[in-house]
Amino acid sequence: MTELELLVDLHKDGVRQGPGSVEETLKAFSFIESEHFEKLKIVDIGCGTGGQTITLAKHTGAQITAVDLFPEFLNVLNNKANELELLKNIKTVEASMDNLAFHDEEFDVIWSEGAIYNIGFERGLQEWKKYLKRGGYIAVSEATWLTKSRPKEIEEYWNREYADINMAANRIKLIEDNGYSLVGYFVLKQSSWMKNYYEPIKNRLQKFLERHNNSESAKQLYESSVEEIEIYEKYKDYYSYGFYVAKKNIIFSLL
Ligand SMILES: C[S@@+](CC[C@H](N)C(=O)[O-])C[C@H]1O[C@@H](n2cnc3c(N)ncnc32)[C@H](O)[C@@H]1O
């Protein structure tokens with residue numbers, strides 16, 4: 001199995017593939033104004049097995065297009081949507097977020113929890129904007145420093161894993177520089193990392209290793225997952241995901 005196939009295999013049984021919670025999905029959604037939520041067209045980019053997709057569908061009754069690169073995740077989402085009788089609300093699309101084939105101004109809302117890092121925060125804001133109606137909303141959660149300075153070990157870890165991590169003020173500036181206005185921002189709770197994401201991974205890791213006969217590549221993924229969790233437990237006061245909700249400007253600046 002390739003590294004990516006192993007990664008999908010480790011994560012496909014998770015309710016979520018990143019930190020988050022039902023309450024925080026709904027909190028982010030509460031910044032969105034609409035008279036008819038059920039008429040909204042939402043695209044959920046990097047949906048994984050659809051933790052947040054299901055929450056949005058149940059809560060809004062909107063039409064949701066759920067996009068992910070990996071069909072294994074989309075199959076899980078389709079099965080869940082079927083069981084919950086939500087197939088009328090959720091359509092899945094296998095595609096890469098840097099090569100989407102939607103129409104201009106097709107959506108009222110772009111949603112992306114813990115996934116925009118795959119294209120990069122600013123590039124995602126720029127490339128996805130055309131799919132959003134004027135006055136439409138983008139809601140993304142993304143790695144965010146909580147303090148201006150931090151210990152060397154955690155700085156080096158993130159520089160290695162995802163150097164684009166930034167402070168909220170800098171992300172908000174990028175949002176505003178790219179033709180959106182911020183309408184809401186908050187930081188994910190620590191329980192959304194540990195209880196909802198890392199503890200379920202910890203519980204799956206041993207079986208994952210056994211399933212892959214302790215292969216070298218499975219052991220590597222096991223070890224990097226354990227390291228990621230230990231780093232989080234040690235440095236959780238220095239970073240989190242920030243949830244950014246912004247509205248696409250109706251009037252474009254000429255400057
Ligand atoms: C950290 S997970 C978050 C999943 C889900 N939104 C959640 O919060 O549980 C990132 C997701 O992005 C997807 N992904 C990675 N690269 C992608 C790409 N190029 N295009 C679309 N999805 C991608 C992964 O398959 C994964 O489901």
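## Basis of the model

The model is predicted: local features need pLDDT of at least 70, side-chain atom pairs count only at pLDDT 80 or more, and totals for chains, interfaces and linings use all residues. Residues are numbered from 1 along each chain as its sequence is written, and side-chain values use heavy atoms, with hydrogens and water left out.

Strand β1 spans residues 41–45. Helices (H or I, at least four residues) and strands (E, at least two) are DSSP runs, numbered from the N terminus. Of the 5 residues in β1, 4 are buried, and the strand is thus mostly covered. Buried means under 20% relative accessible area, exposed over 50%, and partly exposed in between, with a 1.4 Å probe and protein chains only.

β1 runs parallel to strand β2 (residues 63–68), and 5 bridges join the two. Strands are taken as paired if DSSP finds at least two bridges between them. In this pairing, Asp44 stands opposite Ala66 of β2. From β1 the chain passes through helix α3 (residues 51–60) to β2, a β-α-β crossover that is right-handed. Right-handed means that, with the strands pointing away from the viewer, the path from the first strand over the helix to the second runs clockwise. β1 is also joined by 3 bridges to strand β4 (residues 107–113), again in parallel. There, Val43 stands opposite Ile110 of β4.

## Salt bridges

Side chains of opposite charge can pair when their charged atoms come close. A salt bridge is counted where a side-chain nitrogen of Lys or Arg lies within 4 Å of a carboxyl oxygen of Asp or Glu. The structure holds 16 salt bridges.

Two of the pairs described here lie within a helix. In helix α5 (residues 121–128), Glu127 and Arg123 are 4 residues apart, about one turn of the helix. Their side chains meet in a salt bridge of 2.6 Å, N to O. Glu127 is partly exposed at 26% relative accessibility, and Arg123 is partly exposed at 37%. In helix α6 (residues 152–162), Glu156 and Lys152 are likewise 4 residues apart, about one turn of the helix. Their salt bridge is 3.5 Å, N to O. Glu156 has a relative accessible area of 42% and is partly exposed, whereas Lys152, at 63%, is exposed. Elsewhere, salt bridges that share partners join Asp9, Lys12 and Arg211 into one network. Within it, the side chains of Asp9 and Lys12 meet at 3.1 Å, N to O. Asp9 is buried at 10% relative accessible area, while Lys12 is partly exposed at 25%.

Helix α1 covers residues 3–11, and its buried residues are Leu6, Val8, Asp9, Leu10 and His11. The elements that cover these buried residues include α4 (71–83), α8 and α9.

His212 is found in the loop between α8 (190–211) and α9 (216–235). His212 counts as buried, with 14% relative accessibility. Leaving out residues up to four places away in sequence, His212 touches Met1, Leu6, Asp9 and Ala218. Contact here means heavy atoms within 4.5 Å.

## Ligand surroundings

The ligand is surrounded by 19 residues, and the closest are Gln17, Gly46, Asp68, Met97 and Glu113. A residue is counted as near a molecule or strand if one of its heavy atoms lies within 4 Å of it.

Polar contacts are pairs of N or O atoms within 3.5 Å; within protein, one must be able to donate a hydrogen and the other to accept it, and residues adjacent in sequence count only if both atoms are side-chain atoms. A polar side-chain atom of Asp68 lies 2.6 Å from a ligand oxygen atom. Backbone N or O atoms also take part: one of Met97 lies 2.8 Å from a nitrogen atom of the ligand, and one of Leu69 lies 3.4 Å from a ligand nitrogen atom.

## The segment after β8

Ile250 is found in the segment after β8 (239–248). Ile250 is exposed, at 52% relative accessibility. Not counting residues up to four places away in sequence, Ile250 touches Arg134 and Gly135. The C-alpha atoms of Ile250 and Leu7 are separated by 40 Å, and the two residues are 243 residues apart along the chain.
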